[in-house]
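Here is a short report on one structure. Please have the sequence and the coordinates open while reading.

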Amino acid sequence: MSGSRHASMDRRTLLVAAAAGALATACATAEGLPSGEVAVLGDSTAWEKPMTAAGAAMKSVAALRLVPEVNPSLESFEQIVRSSLRTDKTPDMLKYWSGYRLQDLARTGGIEDLTGQWDRAAARGWVEPSLREAFTYRRRVYGLPMNLAYWVIFYNPQVFREHGIEAPQTWDGFLGACGRLKKAGITPLHGTAADRWPSFIWFQEILSRQDPRFYQDLMNGRERYTDPRAERALRTIASFFDKDWFTPMDLSHTDAAAALVRGTVGMVACGTWLGSTLAAAGGRPGKNLDAFVLPMADPGARPSVVFESSALVATVKGPDRTEALKATGTWLHPTVMKAFSHTLQDGCPNPKVAPANPVIAGLAEKVRGDRLWLLNRFWEQGPPELVEATVDDLAGFLLNPSSYRETLRTMQDRADDAWQVWREAEET
Amino acid sequence: MTGTATPAHGATKPVRVRRRVPTRTPHQAAKAGGGRLGGPLAALPWALPAFALVGVLLVYPFFRSVYGSLFEDNGFTSSYTGLDNYARLADDPVFGRSVLNTLMWVAGTLLLPVLAGLLIAVATHRMRFGGIAQLIIVLPFAISGAATAVLWNFMLTSDGAVNQVLRGVGLDSWAQTWLLEWPQNTLAMIVASTWQATGLNVVLFAIGLRAIPRETVEAAELDGASGWRMFRHITLPQLRAVTVVVVGMAIVNSLKAFDMIWILTKGGPSRSSETLALSMYRETFRLFHVGYGSAIALVLSAIVVASSWMYLRHQMPDTGTAKS
């Protein structure tokens, strides 16, 4: 009997403890990290090490350590950010996108105005000034640049040498290189609709080289997709299909990186962040791996290059708000930036920090030396909802290139609706 | 003779009385509700946790979705729009394609894994090493849907194993861009899903086959039944109960197909391989059309409930309302 009584008491104690625990969890307020530590939520495991390195460097500069938290699923990362921003359970800091995606987030009032931090960094020459627009909403800055990836064409110099091809300096040189690779039995270009988002890559690359001003205006809702200049870009891509220059459209970037190193695919268009994937596939910068900026198709147009830069954002309701704001003040410090970008092996938004990767260092030199116009990537240009839908339209075009007129009409219909919604929201 | 015991007054010795054995019919038990135990409400405290769980996890979200589907909601602001979301469904070509793909999944999943499962179970039943054969076929079922999808991705891409084999044996013209064009992307994924789902059906049918009484089979054999006639008139009717379960599960599984499609095509290219479950996910969580996504979810729920109910009602008339 006594045994069973004890057992029942134990059960009761356990139940009470469990109930108290559940209640405590339910009622708990958000607790941040211990003093001196700030968490940064991101969507990429590849950024975990660089963020830890930056955190360690920041410790020496500002007595603050950045602790990376990663949710590698893009979808659930966005859900967490959007659903938690209005609550006090939101992360302290985020790795987010620049451009319209950042504007969309700033609109909620849930993220901090970092204009002061930007201005102080700019005054010290710690940040590339032309990037400011990509992080601005209503003339205030809401994010600090983390990396600076250029959108370029990767190639294998050994393969090029074998077939007597040089990295093209002109548009005709690029077309010639494609032709020679094709003759040599190498698929000249990687094109893909796998994973959905890459469908925009060639449209972005061709359009920005044919008419960068038009690209910028179209992406910002000032021009129309039904314009002959947009049609010309799609016709150019369709002509590449006619010449059979593209890989199958379901070849992922990881497989394309391996194929480039192996020499079965000639050129891969991507952000310089693909460098780590190429290195993992056996690519050695300068030996069997190099990159060039796609030359301008119209020599009269302003020379340009597409860039991509993630934004470091501080939330208003995060539990360690004060420390997060302090961290943003030193984020662009050369010591922190060097630790971060050298571990990431990507370009750096702080011009005082030279990229560790020689390929990217060469590209950065060219971009700054030739004063190329930095255009933000398709993905960050335009209302997110519009971009999400138009990449599907572009995927449809890649699979049926003769449908370019229909694709552009559909894209314009979407753009009309999306810009109207965006502008209405802007007025409220 | 369980008469009432009357006390024997004045008797010197107590009379042994046969005690009345109280017998209670369920009817009487129900009447005795005023007692401390056994009343109709007595079960309530025990059922409450279950009610609460079902209420919180199922009933509330369902009605919240119904309510949410009447709003134009982008996750931050929402405005009441009545049945607009449902009207939009009718005009949305992607929704139409999703419904069609969902129907293809239902038809495909009913035909392929159920037939293959039945066929394999019957063929390997009583076969020498049949158990081993069944085990091998069951193995894919032990792999998660996500891992299966990654595996099939190696096979179905343009440079994948399937096309390489086809080209290797000289069937170049048969090589296809399996995942890039509709309807072959949906059909290819149904085949991939069949590869995985067949195993469970084999197990269920094998259990059903073993439950067939030996006497029934022997009697049929004495009557001269064998082969196809035995299968058609003895085996198949005896497997009816198992078949009801297998087909019921196949319907529900096909309607909620998600992981395979998400990993192989993400519903693309150009949203061509989306099913209702994927459209709902994409609208709600990628495009933040929460109200519109709720409307799609409700249409899907209605289809799931209606098809399950119709199917079970048709297959199990005995469990319906009892006719007196």
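## Model and annotated spans

This is a predicted model. For chain B, an unreviewed UniProt entry carries the annotation "transmembrane region" on residues 41-63, 103-123, 135-155, 187-209, 239-265 and 285-306.

Two of these spans have computed geometry. Residues 103-123 of chain B are 100% helix and 0% strand. Their end C-alpha atoms lie 30 Å apart. Residues 135-155 of chain B are 71% helix, again with 0% strand. Here the end C-alpha atoms are 23 Å apart.

## Helix packing in chain B

Helix α4 (residues 93-124) of chain B packs against helix α11 (residues 240-255) of chain B. The angle is about 145°, and the axes are 8 Å apart. The crossing of α4(B) and α11(B) is right-handed.

On the α4(B) side, the contact uses B:T102, B:W105, B:V106, B:T109, B:L110 and B:V114. They meet B:V246, B:V247, B:A250, B:I251, B:S254 and B:L255 of α11(B). By class, this contact has nine nonpolar residues, three polar and no charged.

## Cavities

The whole structure holds eight cavities of 30 Å³ or more.

Which elements of chain A each supply at least two residues of the lining of the largest cavity? They are β1 (37-42), α2 (48-62) and β2 (65-70). The lining consists of A:V40, A:L41, A:G42, A:D43, A:S44, A:W47, A:E48, A:M51, A:P68, A:E69, A:V70 and A:K95. Six of the lining residues are nonpolar, two polar and four charged.

Notes: Residues numbered from 1 in each chain as written. Chains lettered and ligands numbered in written order. Predicted model: local features only at pLDDT ≥ 70, side-chain atom pairs only at ≥ 80, totals over all residues. Heavy atoms only, no water. UniProt positions renumbered as here; feature names shortened; annotations may be inferred. Helix = DSSP H or I, 4+ residues; strand = E, 2+ residues; numbered from the N terminus. 1 Å grid on protein atoms, 1.4 Å probe; cavity = no way out; pocket = protein on both sides within 12 Å on 5 of 7 lines; lining within 4 Å. Points joined across faces, edges and corners; volume = space filled by probe spheres on them. Nonpolar A, V, L, I, M, F, W, Y, C, P; charged D, E, K, R; others polar. Axes fitted to C-alpha atoms, helices over the stretch in contact; angles between N-to-C directions. Left-handed = near helix turned anticlockwise from the far one by under 90°. Contact = heavy atoms within 4.5 Å.
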